[in-house]
Amino acid sequence: MDLSSLLRPAAVRAVVNVASKKRLFQDLADIAAQAYGLDAAIIVDALQERESLGPTGVGHGVALPHARLHGLDHVVGVFMRLEKPLDFDAVDRQPVDLVFGLLAPKSSGVDHLKALALVSRTMRNEDTCKKLRSNTDPAALHGVLTTTQGLAA
């Protein structure tokens with residue numbers, strides 16, 4: 001499994017301003033709906049339900065919201081780079097500006113966990129995050145994510 005199999009170029013965006021976590025989930029869902037043909041309302045509900053179990057802000061300005069959905073046959077990703085960091089109740093209480101959302105089939109146990117581990121390793125890499133923060137072009141952001149993941153291992 002690699003990020004290029006999880007993340008389509010159409011699922012990567014640089015967003016100027018998101019005012020709330022709820023709005024962020026809506027934007028993530030809208031991007032996923034466009035890129036993968038999924039139902040945005042179902043995605044928002046699933047992300048909010050998962051977030052109610054505990055915040056998915058993992059620290060250092062990174063959030064990894066994720067959810068399981070019926071009707072999905074493989075794990076897919078959505079990436080957003082926020083121009084203005086958002087308070088996300090992250091573990092280190094720092095605002096978030098890099099958001100990698102994962103959506104997995106309801107029945108995917110191991111694949112979902114492998115994807116989450118891969119994304120987590122990638123987003124813990126300081127050089128990768130620095131490159132993501134210095135770029136606003138979606139194609140360049142996709143390239144950074146899909147070509148530098150080996151550095152995170």
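At what angle do the axes of H2 and helix H3 cross, and within what distance do they come? The views below show a predicted model, in which local features need pLDDT of at least 70, side-chain atom pairs count only at pLDDT 80 or more, and totals for chains, interfaces and linings use all residues. Residues are numbered from 1 along each chain as its sequence is written, and side-chain values use heavy atoms, with hydrogens and water left out.

**View 1. Crossing of H2 and H3.** The axes of H2 (residues 21-36) and H3 (residues 40-51) come within 8 Å and cross at roughly 135°. Axes are lines fitted to C-alpha atoms, for helices over the stretch in contact, and angles run from 0 to 180 degrees between N-to-C directions. Helices (H or I, at least four residues) and strands (E, at least two) are DSSP runs, numbered from the N terminus. H2 and H3 are therefore oblique to each other; angles under 35 degrees count as roughly parallel, over 145 as roughly antiparallel, 65 to 115 as roughly perpendicular and the rest as oblique.

**View 2. The pair of Phe-25 and Phe-88.** These rings form an edge-to-face aromatic pair, 6.3 Å centre to centre with 85° between the planes (centres within 6.5 Å; planes under 30 degrees apart are stacked, over 60 edge-to-face, the rest tilted). Phe-25 lies in H2 and Phe-88 in the loop between strand S5 (76-86) and strand S6 (96-105), so the pair ties together parts 63 residues apart in sequence. Both Phe-25 and Phe-88 are buried (under 20% relative accessible area; exposed is over 50%, partly exposed in between; 1.4 Å probe, protein chains only).

**View 3. Buried residues of H6.** In helix H6 (residues 138-147), the buried residues are Leu-141, His-142, Val-144, Leu-145 and Thr-146.

Technical notes. Rings of Phe, Tyr and Trp (its six-membered ring) pair if their centres lie within 6.5 Å; planes under 30 degrees apart count as stacked, over 60 as edge-to-face and the rest as tilted.
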